[in-house]
Amino acid sequence: MSIMASAYYQIIINGREIDDKRYSMIQSLKVEDTDSGSDLVTIVVDDPDLEFLQDAIFVQDATIKVIHGLYRGKVSTFDGYISVIDVSLPSSGTPQLTIHCMDYTHIMNRVKRKRTWTKMRRSDIAKEIFKAYGLKYKVDKTDSVEDSVSQNDTDIKFLISLAGEEYEEYIVYVENRTGYFVKRPSLSKPSKSLGYRCDNGEIGQFNPRINKQTKRREVGKSDVNLKDKRVDRSVTNDTVSRPQSGQSYIPTEKIEKPQSWVYDDKNNKWTLK
C-alpha cells in the first residue's frame with residue numbers, strides 16, 4: 001500500500017507570513033520552475049470579505065516568498081515579486097483573486113528599452129545588463145564579437161533572445177541574486193527517483209510538456225569558382241529541435257499546514273513550533 005506524502009507550503013508577503021485565516025482562503029498554488037527565463041507562482045484565493053484586497057499586495061514591488069515541498073522533507077524556495085493581480089467580483093458568489101508572481105526577473109521585465117550594443121560579445125552584453133541591476137553574474141563567454149546588436153524589448157526578454165542566437169545552447173535565469181547566461185549543462189545520471197502513484201507518492205500530479213522550439217546550428221558551406229578553381233567557404237545556420245521543461249503543480253486538496261513542525265528557511269531545517 002502506497003502512502004501519499006503531504007505537501008507543505010509557507011507564504012511570506014512583504015516579510016510577514018500570512019495568517020491561518022488567509023491560508024484557509026487559498027484554493028490552489030501552482031509553481032512553474034523553468035530552466036530558462038522566469039520562475040512563476042500562481043495563487044488562487046477565495047476572498048469573501050475582501051481581506052486580501054485590504055493587504056499591501058498592491059504596492060509596487062511587493063515581495064513574496066513561497067517555501068514549498070514535502071512536510072518534514074525536502075523543500076524549495078521561490079523568491080520574487082507579486083507582478084499581476086486578477087480580481088473577480090461576481091454579481092453572485094465569492095470574490096476571487098488570482099495572484100501572479102515572478103522571480104527577480106520581474107524587475108528586469110518592467111521597462112522596454114530601445115538601444116544598440118556595438119563591438120561586444122553577447123556574453124559581455126549579459127554582464128552589463130546584470131550589473132545594472134546590482135546582480136552578481138555567472139556568464140559563459142561567447143565566441144564572436146558582434147558589430148552591432150539592437151535591443152527593442154525588456155532586458156530579460158532581450159537576454160533570452162540573445163541566448164537563442166548562440167550556436168551552442170545557452171540558458172538565462174536569475175537565482176539567489178545572481179544572473180546566469182550559461183551553456184545548458186549536459187544531462188547527467190538522475191540523483192534520485194520520485195514516486196508517482198507508487199512508493200512514497202512524492203509526486204501528486206505531473207504535467208510535462210515537450211515544446212519543439214528551434215535552436216541555431218553552425219553549418220559549413222563551400223562554393224567552387226569554376227573559372228579560377230577558388231573555393232569560397234562560409235558559415236550559415238540550420239535548425240534543430242530541442243525540448244523545454246514543463247511545470248509542476250501543488251494540489252491544494254493534498255496540502256496540510258502542520259500544527260507543530262515548521263520549516264526554518266534561515267537554518268534550512270525543520271523545527272517544532
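1. Let's start with Leu 159. Skipping neighbours within four places in sequence, Leu 159 is in contact with Met 108, Ala 126, Ile 129, Phe 130, Val 172 and Phe 181. Bear in mind that this is a predicted model. Leu 159 sits in helix 4 and counts as buried because its relative accessibility is 0%, where the cut-off is under 20%. Gly 37 is 122 residues away from Leu 159 in sequence, yet their C-alpha atoms are 9.0 Å apart.

2. Now the rest of helix 4. Which of its residues are buried? They are Asp 155, Ile 156, Phe 158, Leu 159, Leu 162 and Ala 163. Looking down the axis of helix 4, these buried residues stay within an arc of 160°, so they line one face of the helix. The cover over them includes strand 8 (112-121), helix 3, strand 10 (145-154), strand 11 and strand 12. Helix 4 (residues 155-165) lies across strand 11 and strand 12, and runs at about 150° to strand 11.

3. After helix 3 comes Gly 134, with a positive phi near 70°.

4. Three strands make an open, mixed sheet in the order 9-12-11. Strand 9 (136-139) and strand 11 (170-175) are at the edges with a single partner strand each, so one side of each has no neighbour in the sheet. On average, neighbouring strands here are turned by 10° against each other, direction ignored. Strand 9 pairs with strand 12 (residues 178-183) in the parallel sense, over four bridges. One to look up in the viewer is Tyr 137, whose bridge partner in strand 12 is Gly 179.

5. Over to the start of the chain. Is strand 1 (residues 7-13) mostly covered or mostly open? Mostly covered: seven of its seven residues are buried. Ala 7, Tyr 9, Ile 11 and Ile 13 point one way, Tyr 8, Gln 10 and Ile 12 the other, and all are buried. Strand 1 runs antiparallel to strand 5 (residues 63-70), joined by seven bridges, with Gln 10 opposite Ile 67. Strand 1 is also antiparallel to strand 2 (residues 16-17), through two bridges; there Ile 12 has Glu 17 as its bridge partner. The hairpin of strands 1 and 2 has two residues between the strands, and Asn 14 takes a positive phi near 50° in it.

6. Finally, the rings. The whole structure holds four aromatic pairs. One of them is Tyr 9 with Tyr 23, edge-to-face at 5.4 Å centre to centre and 75° between the planes. Tyr 9 is in strand 1 and Tyr 23 in helix 1 (residues 20-25), so the pair ties together parts 14 residues apart in sequence. Both are buried, Tyr 9 at 6% relative accessible area and Tyr 23 at 7%. Tyr 81 and Tyr 104 have ring centres 6.1 Å apart and planes at 55°, so that pair is tilted. The pair links Tyr 81 in strand 6 (residues 75-88) with Tyr 104 in the loop between strand 7 (96-103) and strand 8, 23 residues apart. Tyr 81 and Tyr 104 are buried as well. Separately, Arg 22 lies over the face of Phe 52, at 5.9 Å from the ring centre.

Methods: Residues numbered from 1 in each chain as written. Predicted model: local features only at pLDDT ≥ 70, side-chain atom pairs only at ≥ 80, totals over all residues. Heavy atoms only, no water. Pairing = 2+ DSSP bridges. Axes fitted to C-alpha atoms, helices over the stretch in contact; angles between N-to-C directions. Contact = heavy atoms within 4.5 Å. Buried < 20%, exposed > 50% of the residue type's maximum accessible area, 1.4 Å probe, protein only. Arc of directions from axis to C-beta. Phe/Tyr/Trp six-rings, centres within 6.5 Å; stacked < 30°, edge-to-face > 60°. Lys NZ or Arg CZ within 6 Å of the ring centre and 35° of its normal.
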